[in-house]
Amino acid sequence: MSLLTDLPAWKALWDHFDEAKDVHMRDLFATDPGRAERYSLEVDGLFLDYSKNRLGDETLTRLMALAREVGLPAKIKAMFKGEKLNTTENRAALHIALRNRTNAPIRVDGVDVMPQVNSVLERMTRFAHAVRSGEWLGYTNQPITDIVSIGIGGSDLGPLMVCSALKPYGHPRLNMHFVSNVDGAQLKETLKRVHSETTLFVVESKTFTTQETLTNAITAREWFLARSLDEKAVAKHFVAVSTNKRAVADFGIDPANMFEFWDWVGGRYSLWSAIGLPIMLYLGEENFTELLNGAHSMDQHFRNAPLEANMPVLLAMIGVWYINFYGGGSHVIAPYDQYLHRLPAFIQQLDMESNGKQVMLDGNPVDFETAPIIWGETGINGQHAFFQLLHQGTHISPIDLIASLENRSSLPGHHEILLANVFAQAEAFMRGKTADEVRAELAEQGLSGDALETLVPHKVFGGNRPTNTLLMSRLDPRNLGSLIALYEHKIFVQGVIWHINSFDQWGVELGKQLAKTIHAELTGKLKDAQHDSSTARLIQLYRQANGRG
């Protein structure tokens with residue numbers, strides 16, 4: 001048994017599960033008129049209704065007992081103190097310092113990091129102002145109209161998601177483009193839509209050696225030089241977010257236009273840092289600051305609220321209940337807002353790269369499930385695609401339904417239909433439809449006898465499917481910041497429960513290492529490295545198709 005599964009609180013939860021697993025949420029609501037009010041929570045502009053979950057007071061009590069038994073309150077304090085929670089890389093996990101609006105000292109190895117954070121933020125602000133105001137001019141003395149962000153993973157998904165979500169707040173002159181895929185099609189199509197005289201490239205790579213990012217950046221540089229015919233012009237059209245000044249300078253970027261971040265900033269937690277430069281360029285200093293303010297507000301709530309009234313802790317522990325006891329191996333993110341269409345992919349990386357681990361902090365294998373498979377789509381589209389499985393399939397997949405209350409659309413009637421679907425789906429997942437209800441419905445439609453009874457089993461669904469409903473007062477920079485921080489902290493809490501490292505990602509390394517060897521074979525720089533027969537055949541097929549057989 002592991003450290004977790006041997007705990008008294010874990011065993012007590014299993015005892016409780018045997019009693020509670022067959023209880024239907026219909027009955028929970030019927031016997032408790034105040035359930036919705038008691039099982040909801042509001043933090044600034046975020047409202048969480050978690051009443052449509054398969055749990056009661058006893059479940060929550062035992063889940064919080066587990067959180068305390070694994071030492072969650074101490075781990076939360078340790079993160080905010082800058083302790084090195086990323087033990088395999090001997091690093092702190094201090095994304096919270098990047099939005100520390102109080103400027104209270106946060107120390108790493110005895111050094112307060114806040115002066116460095118504020119210095120980079122100030123430089124970002126000056127640069128963003130110069131671009132947005134038209135003061136920063138390209139090599140033909142024209143203002144910037146297009147910004148191409150070149151990164152991958154957290155250096156791409158975070159800024160892309162935020163800029164998409166907050167598009168109504170974007171600068172009217174600036175068009176945002178994001179390139180991450182080393183498949184040349186993405187960069188090629190992007191370059192078709194921009195002009196060298198008015199385009200700014202932001203190259204985001206901590207080491208400035210990431211293969212995919214550098215390949216795209218070098219190709220963009222070649223495209224630019226073919227049009228500008230001036231190496232010195234690169235400095236006016238390329239800036240870097242990195243820590244490698246020498247590589248940045250060799251590329252042709254003025255080191256004065258390199259924006260730094262630190263090894264205690266993980267890629268998937270980095271949009272608050274200089275990686276967020278495209279966000280600030282597009283949204284401006286005030287809106288970027290509001291994004292930070294919203295995240296800081298959630299940080300303070302997470303740090304200070306009791307576990308029973310702590311939004312990230314509640315979401316995390318409810319998730320543990322499904323993952324580890326009900327066998328719910330997946331979790332759906334369904335935003336009912338087109339501007340949030342990239343949120344599921346962002347949360348997917350945040351969660352699965354953080355907690356997709358098979359060993360605990362002590363190196364021993366886990367004997368329980370860890371991160372769920374995160375997937376999703378905008379809710380309205382999902383209703384006409386995969387919601388069928390969620391309603392009548394054999395899987396238990398908890399669902400987060402996310403929407404904003406404010407009707408900001410100028411199109412009459414749209415928002416009411418949207419919200420009606422959010423609330424209806426949550427109710428449908430909870431209630432289901434019984435055989436008697438189906439019979440009554442079919443009889444009202446004029447069916448009877450065998451024709452009616454044949455249809456009954458197909459139209460019955462059991463309900464009792466869990467949802468969390470997350471409502472923002474409006475989708476604005478502050479509330480989006482709070483929402484992102486909410487998920488960051490939820491994921492951290494689950495990592496603490498499972499006794500795993502949520503801040504490393506060694507699983508991505510092997511593929512990268514093997515790709516280097518195979519790339520050398522595909523390009524003819526290396527012949528016949530040792531592979532399994534399948535891989536060797538695939539390499540040979542590529543060579544033959546491209547005249548290199």
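Trainee: What is the handedness of the crossing of helix 1 and helix 4?
Mentor: The crossing of helix 1 and helix 4 is left-handed, a term used if the near helix is turned anticlockwise from the far one by less than a right angle, with right-handed used if clockwise. This is a predicted model, in which local features need pLDDT of at least 70, side-chain atom pairs count only at pLDDT 80 or more, and totals for chains, interfaces and linings use all residues. Residues are numbered from 1 along each chain as its sequence is written, and side-chain values use heavy atoms, with hydrogens and water left out.

Trainee: At what angle do helix 1 and helix 4 pack?
Mentor: Helix 1 (residues 8-20) and helix 4 (residues 57-69) pack at about 160°, with their axes 8 Å apart.

Trainee: Why is helix 1 called roughly antiparallel to helix 4?
Mentor: Angles over 145 degrees count as roughly antiparallel, under 35 as roughly parallel, 65 to 115 as roughly perpendicular and the rest as oblique. The angle is about 160°, so helix 1 is roughly antiparallel to helix 4.

Trainee: Which residues of helix 1 make the contact?
Mentor: Contact means heavy atoms within 4.5 Å. Among them are Trp10, Leu13 and His16 of helix 1, and the helix 4 side includes Arg62, Leu66 and Glu69.

Trainee: What makes helix 16 roughly parallel to helix 22?
Mentor: Helix 16 (residues 343-355) and helix 22 (residues 477-498) pack at about 25°, with axes 10 Å apart. That angle is why helix 16 counts as roughly parallel to helix 22. Their crossing is right-handed.

Conventions:
Axes fitted to C-alpha atoms, helices over the stretch in contact; angles between N-to-C directions. Helix = DSSP H or I, 4+ residues; strand = E, 2+ residues; numbered from the N terminus.
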